Amino acid sequence: MLETAGLWSKTSPLMSQAENFDIEYVAGLARIELSEDEKAAYSAQLGQALKYFEALSKVDVANVEPSSHAYAVYNVWREDEAAEPLDVAVALQNAPAKRDNQVIVPKVVDDA
């Protein structure tokens, strides 16, 4: 959504003039109401963040392989081993509501 607003693109005027962006527009995207003091504070903070992103965009990453973690992450799960099941009373002891050895939960899906 922010890309469509042009807030983070390298050619965005916000990136070259980080202090001169419409904080009310950004607050509208977030669906929040801000006081004048909050607008001033958040505008300064967001301006600093945009300047940092601008500095990051200048870093040469042509030979850097994309990754989602700084270090390689491998499957760290334990082996799946069969074990004795929990006793029904133990399994239901923290349930907020129960009936006939089942947890009662609120309905979250309407009839289609």
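## Packing of α3 against α4

Helix α3 (residues 23-30) packs on helix α4 (residues 36-57) at an angle of about 90°, and their axes are 10 Å apart. The two helices are therefore roughly perpendicular. On the α3 side, Ile-23, Glu-24 and Val-26 make the contact. By type, the contact residues divide into four nonpolar, one polar and two charged. The model is a predicted one.

**Ser-43.** This residue sits in helix α4. Is Ser-43 buried or exposed? Its relative accessibility is 19%, and the cut-off for buried is under 20%, so Ser-43 counts as buried.

| Residue | Contacts, leaving aside neighbours within four places |
|---|---|
| Ser-43 | Phe-21, Ile-23 and Glu-38 |
| Ala-27 | Ile-32 and Leu-34 |

**Core.** Which residues make up the largest nonpolar core? It has five residues: Phe-21, Ile-23, Ala-27, Leu-34 and Leu-50.

**Ends of α3.** At the start of α3, a side-chain oxygen of Asp-22 comes to within 3.2 Å of the backbone nitrogen of Glu-24. Just after α3, Arg-31 has a positive phi of about 55°.

Notes. Residues numbered from 1 in each chain as written. Predicted model: local features only at pLDDT ≥ 70, side-chain atom pairs only at ≥ 80, totals over all residues. Heavy atoms only, no water. Axes fitted to C-alpha atoms, helices over the stretch in contact; angles between N-to-C directions. Helix = DSSP H or I, 4+ residues; strand = E, 2+ residues; numbered from the N terminus. Parallel < 35°, antiparallel > 145°, perpendicular 65-115°, else oblique. Contact = heavy atoms within 4.5 Å. Nonpolar A, V, L, I, M, F, W, Y, C, P; charged D, E, K, R; others polar. Core = buried A, V, L, I, M, F, W, Y, C linked by side-chain atoms within 4.5 Å. Buried < 20%, exposed > 50% of the residue type's maximum accessible area, 1.4 Å probe, protein only. Polar contact = N/O pair within 3.5 Å; in protein donor to acceptor, adjacent residues only side chain to side chain.
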